[in-house]
Amino acid sequence: MTTEALAPPRKMRSGEVAVLLLLPIALINAIGFILPVLNLARFSFNKVSIGGGIENVFTWENWLGLLADRFYLELIFNSVWISLAITLTTLILSYPIALYLHRSSGPWRTFLTVLVISPLLTSAVVRTYGWIAILIDDGPVVSAIRALGLPAPSLMFNIKGVFIGLTEILMPYMILALMAGFGRLDPRVEEAARTLGATPARTFRKVILPLTLPGIALGCLLCFVLAVSSFITPKLMGGGRVFLLATEIYDQAIVTLNWPLASTLSILVLIVFGAALWAYSAVLRRLD
Amino acid sequence: MEIHKTSWPMRILVFVLFLYLLAPVLLVFPISFSGDQVLRFPPTFWSTRWYVALFENSKMLSAFSTSLLLASIVTILSIVIAVPAAWVMTRVKFRGRDLLFNLFTAPLLLPTIVLGLAILIVFASFGLLATMRGLVFAHLVVTLPYALRILAVALNTQDQTCEEAARTLGAKPLTVFFRVTVPMLIPGIVAAAALCFLVSFDEVVITLFLTGPRISTLPVELYNYVYNQADPLVAAASVLLILLTLGVIMIVERTMGLSKTFVK
Amino acid sequence: MPVSQSLEEHLKLDGISISFGPVNVIPSLDLSVRKGEMVAFLGPSGCGKTTTLRMIAGLISPSSGRITVGGRDITRLPIHDRDMGMVFQSYALFPHMDVTRNVQFGLQMRNVSKQDIERRSKEALELVQLGHLAQRKPKELSGGQQQRVALARALVIQPSILLLDEPLSNLDAKLRDEMRLQIRALQQQSGITAVFVTHDQVEALSMCDRVVVMRNGRIEQFGTPTEIYERPATAFVANFVGRTNRLKGKVGSDGQLVAAGQPLRATTKLSPGPVDVLIRPHRIALQPSSGPATTGDGNVVEGKVSSIIFIGDLVQYVVRAGDEEIVVEEATRRERAPLGVGDNVHLRWSADDTLVYPDDGK
């Protein structure tokens, strides 16, 4: 009803025109997104024949095989666990920056915000390469530790390097999410708490932290989701020795050419996503 | 004001964290001028040999021109497709509009590793693997949601009475669109184009699934290179990539700044 | 004074109605505007005045009813064929075009020859005294200048009707007074039929030949400014246009009006029942009760001054009479010894100024 009344009198033709204008984006969305994702779900029930071809059947083999295989169970468990740890570390490292940015103002704040965003516009390959240069044996970090007379750790081609690199790569997302959440943080609330006699530490714990929890939840969801599906950094810094969900999907798809299994793992990633989203909305509901 | 004065320990902490955040990007600059054969920091001596090596690497050069062409085509198509779509989404009221908008922007929510595999399987049967057409199409899946979102926001915040004024002055719908709506949308178009270009130019995960020996993009070539060896060549390429990104951002700032002086 | 105003009917709304979703914004509206006159749509926000204007412009279409201009039905005509000049509240100047291009836009749409476009746009800009700013962009102009560009842009196409949607509401008070005169002068010079939407009674009364007072999508009264002010058709109109004292009253079965505890005279025909009695504050004369208590055909009510508010040109006396408070306004004069709080006074006004309406329960 509203449509009729508000639309201009040329209503009769505008419907057809609208369909025509939406057609290209709808086609690309359908062929490049909806069809592939539905097909992916279907593929997770296919299987690879002895000859290497793909049989169009309906079998739970991939799913059951996944749950029975110790390697994959560990892979899933490790991916989720490491992603959670990375998320937590990212949060701890990002919070001071976000709080500082929230409290700064003027051109200084603009400048720092640009610094935070600029890594986002830099290719993940470039940033991962930078970390390789830093963490490589004989690199600046290892040399510095050795100079202190401590035993030199190996930081490359294992989970430690992946952990350090991914944490940094995800920090801009976390900082931006936190800053969005800090919008609720009115400086006068802090002042009020302080004038009422709260120490800075207590003010933080009782006032600042609770008010910024929604931003924290959003940032954690974002970082966890990105960590679980990250591929470039684990692949390049893991040196083939770090196995995570995303790298396994790629290997199965490109190296082993087992598309049904790769599809199954992909759907599994989406299920983990769903769980994270569910946890996020549960947290938000409790906060309200 | 007193309360918010940041203490010195906090400032030092924030400085160290910023250093951590920017370290990998900052480090590639000195490394790119390394004279060493292998990746080492600090380099034992300085030279521009890796820039020379980069420009003599035909694989990298052809990947770079492929990326440039790909990103340009994708950017133009994204704008041409997304501007009319965003117009419909903001100017025509119909049932299910929000749902459709969410569907059109949904590809952004899907992890690229999953989207890449999904597109790989479908494209394989269409014969689109390792073709320019396939790459353009796949990149559009990712860039269109960005373009649509930016342009829809721009169209929503634009003063719509200007369009009404044009209509009362006798302009037909198409004339209103090209003489009023689009000129007023220029800042949004520039922003959307810049983002589409950067996203397409930097895209690596989905592209990895779709490229092959016949056709490859610069990020994919860099990925392959780093995967196989670690020497300062990639640092030189990285510096150029960062400068390119900065260039695009500055063009946007200029155009947006300039257009801001013209608009409003 | 209007130069020449024919009685020829120009714009006619015939049973126009519109609903937004379940809300029936305008149930049914009839209106007829004469050629060359300027009519104000006056009413509080949400009364449907802007909606009606937008229906005339074609920006929205009525659910039912007919709109005709000069006898031609335009109800289903697309906007761009309607030949209306509209001035928007926000002016809606095209930000990417300079002043000249803004003014020329409508002419270009009409395929006017290049020379004529140049000439007419120049004339239009001279008309609003903006010839010297022709190359400026809208954002380089002040609010008043933007307003005049919008006016020139609407007038240059010589539309059959000029529509003005709260054109003065974004200007400061002083500029508004200036623009009121200028818009009225331009309208009378060109002899164009104009519809003017406003919520400001001063604008409506001072600028327009006739005023439509609207409430809740209905016309409360349609008449000349004098009629609206002197003979408001309803209590709402009396309250909305000008200031009033509102007394609770009653008409007895004998036809006698009683309010503020006293019998009053009025010239309105009265039917028994509860009524609202409205008296304009400046139509009441105030005298110390010690003075001569002249009688006549008017009303005299005794009261006591309870407070005095000095506003500059005016002094407001709040007078307690019975259980009512009556406000009296007087122009400030030097020679008259002011009354003080607590003084006993006589309030005096004529029967013609006693406006009586059946109690509408509000």
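# A chat about chains A, B and C

Q: Where does H10(A) bend, and by how much?
A: In this predicted model, H10(A) bends by about 50° at Leu213(A), and a proline, Pro214(A), follows within four residues.

Q: OK, and what does H10(A) span from end to end?
A: Helix H10 of chain A, residues 200–228, spans only 36 Å between its end C-alpha atoms, whereas a straight helix of 29 residues would span 42 Å at 1.5 Å a residue.

Q: How many helices and strands are there in chain A?
A: Chain A has 13 helices and two strands.

Q: Is chain A spread out or compact, judging by its radius of gyration?
A: Chain A is more spread out than a compact globule, because its radius of gyration is 24 Å, well over the 19 Å that the globule rule gives for 288 residues. Along its principal axes, the C-alpha trace of chain A spans about 75 × 70 × 35 Å.

Q: What share of chain A is buried, then?
A: Of the 288 residues in chain A, 40% are buried. As for its contacts, if you take those with a separation of 6 or more, residues 24 or more positions apart account for 69% of them.

Q: Can we pick one residue, say Leu22(A): which helix is it in?
A: Leu22(A) lies in helix H2 of chain A, which covers residues 11–43.

Q: Buried or exposed?
A: Leu22(A) counts as buried, because it has 20 C-beta neighbours inside 10 Å, and 20 is the number at which a residue is called buried.

Q: Which residues does Leu22(A) touch?
A: Leaving aside residues up to four places away in sequence, Leu22(A) touches Ala85(B) and Val88(B), which belong to chain B.

Q: And what separates Leu22(A) from Leu73(A)?
A: These two residues are 51 residues apart along the chain, and their C-alpha atoms are separated by 44 Å.

Q: How much of chain B is buried, and what box does it fill?
A: Buried residues make up 47% of the 264 residues in chain B, and its C-alpha atoms fill a box of roughly 75 × 65 × 30 Å, taken along the principal axes. Among the contacts in chain B between residues at least 6 apart in sequence, 76% join residues at least 24 apart.

Q: Now chain C: how is it divided?
A: Chain C is divided into domain 1, residues 9–239, and domain 2, residues 247–358. The centres of the two domains, taken over C-alpha atoms, are separated by 40 Å.

Q: How many residues are in contact between those domains?
A: Four residues of domain 1 of chain C are in contact with four residues of domain 2 of chain C.

Q: Which strands of chain C does S17(C) join up with?
A: Strand S17 of chain C, residues 314–321, runs antiparallel to strand S16, residues 299–310, and six bridges join them. Eight bridges join S17(C) to strand S18, residues 324–331, and that pair also runs antiparallel.

Q: What happens in the turns?
A: S16(C) and S17(C) form a hairpin with three residues between them, and Gly312(C) in the turn has a positive phi of about 110°. S17(C) and S18(C) form a hairpin with two residues between them, where Gly322(C) in the turn has a positive phi of about 65°.

Q: Which residues stand opposite each other there?
A: Ile308(C) stands opposite Tyr317(C) in S17(C), and Gln316(C) stands opposite Glu329(C) in S18(C).

Notes: Residues are numbered from 1 along each chain as its sequence is written. Chains are lettered from A and ligands numbered from 1 in the order in which they are written. This is a predicted model: local features need pLDDT of at least 70, side-chain atom pairs count only at pLDDT 80 or more; totals for chains, interfaces and linings use all residues. The radius of gyration is taken over C-alpha atoms; the globule rule is 2.2 Å times the number of residues to the power 0.38. A residue is buried if 20 or more other C-beta atoms lie within 10 Å of its own, exposed if 12 or fewer, and partly exposed in between; C-beta atoms are placed from the backbone. Two residues are in contact if their C-beta atoms, placed from the backbone, lie within 7 Å. Two strands pair if DSSP finds at least two bridges between them. The expected span of a helix is 1.5 Å times one less than its number of residues. The bend at a residue is the angle between axes fitted to the seven residues ending there and the seven starting there. Domain bounds come from an automatic or database domain assignment.
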